[in-house]
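Hi,

Here is the structure I promised to pass on.

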Amino acid sequence: SSAASDVYKRQIMTILKGREIALSAIFPNSKFFIVGVEPYYKYDSATNKRTDLIEGYRYELIESTKFTHIPLKVPNMAAVITADELDKRIEAGEQVFVTLKGAYLKMYYSPKTKNFEDSVFASSLHLCDDAEIELD
């Protein structure tokens with residue numbers, strides 16, 4: 001029923017709201033590869049407008065077990081690969097694997113979508129080959 005669903009959503013919200021959950025707890029044996037990279041920009045809090053200052057990079061990752069799509073932000077770190085280089089490697093049939101450090105997920109409620117959304121961050125991300133992958 002709808003009422004039971006609302007109660008369930010409120011319970012999730014109270015348990016997880018504001019908490020960081022290690023990505024390794026959600027995907028304990030997974031490997032991740034990049035399928036997209038782009039900068040994200042700092043917003044001016046007074047005007048709520050985007051500035052020209054790059055705040056970090058957003059990577060589109062694919063988790064290797066269930067092929068879950070994960071948009072990941074890595075603030076305060078230069079891009080580990082350019083979009084052009086990534087495209088070339090993907091077109092050559094390569095999967096570009098990464099190691100994540102300090103990766104976590106926070107759930108939030110979006111008034112825009114009227115739904116719960118995930119926000120995924122990592123303190124750093126590094127390219128690696130398939131044998132070197134670790135998730136911290």
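Of the contacts in the protein chain between residues at least 6 apart in sequence, 58% join residues at least 24 apart, where contact means heavy atoms within 4.5 Å. Before you go further: this is a predicted model, so to speak of local features I needed pLDDT of at least 70, and side-chain atom pairs count only at pLDDT 80 or more, while totals for chains, interfaces and linings use all residues. Residues are numbered from 1 along each chain as its sequence is written, and side-chain values use heavy atoms, with hydrogens and water left out.

The protein chain has 3 helices and 8 strands, in the order α-β-α-β-β-β-α-β-β-β-β from the N terminus. These are DSSP runs numbered from the N terminus: H or I with at least four residues for helices, E with at least two for strands. Buried residues make up 27% of the 136 residues (buried is under 20% relative accessible area, exposed over 50%, partly exposed in between, with a 1.4 Å probe and protein chains only).

Now the core. The largest nonpolar core has 21 residues, and those with the most contacts inside it are Phe32, Ile34, Tyr59, Leu61, Leu72, Leu100 and Leu125. Such a core is a set of buried Ala, Val, Leu, Ile, Met, Phe, Trp, Tyr and Cys residues joined through side-chain atoms within 4.5 Å. Two or more residues each come from β2 (32–44), β3 (49–63), β4 and β5 (96–101). Leaving aside neighbours within four places in sequence, Ile34 touches residues including Tyr59, Leu61, Val80, Ile90, Val98 and Leu125.

On to the pocket. The largest one has a volume of about 160 Å³, and its lining is Arg58, Pro71, Leu72, Lys73, Tyr108, Asp118, Ser119, Val120 and Phe121. Points are joined across faces, edges and corners, and the volume is the space filled by probe spheres set on them. β4 (69–75) and β7 (115–121) each supply at least two lining residues, with the largest share, 4 residues, coming from β7. By class the lining has 5 nonpolar, 1 polar and 3 charged residues (Ala, Val, Leu, Ile, Met, Phe, Trp, Tyr, Cys and Pro are nonpolar; Asp, Glu, Lys and Arg charged; the others, Gly among them, polar).

There are 3 aromatic pairs, taking rings of Phe, Tyr and Trp (its six-membered ring) with centres within 6.5 Å; planes under 30 degrees apart are stacked, over 60 edge-to-face and the rest tilted. Phe27 and Phe32 are edge-to-face, at 5.9 Å centre to centre and 85 degrees between the planes, and both are buried. Tyr104 and Phe121 are stacked, at 5.9 Å and 20 degrees. Tyr104 is in β6 (residues 104–110) and Phe121 in β7, so this pair ties together parts 17 residues apart in sequence.

Cheers

How values were computed. 1 Å grid on protein atoms, 1.4 Å probe; cavity = no way out; pocket = protein on both sides within 12 Å on 5 of 7 lines; lining within 4 Å.
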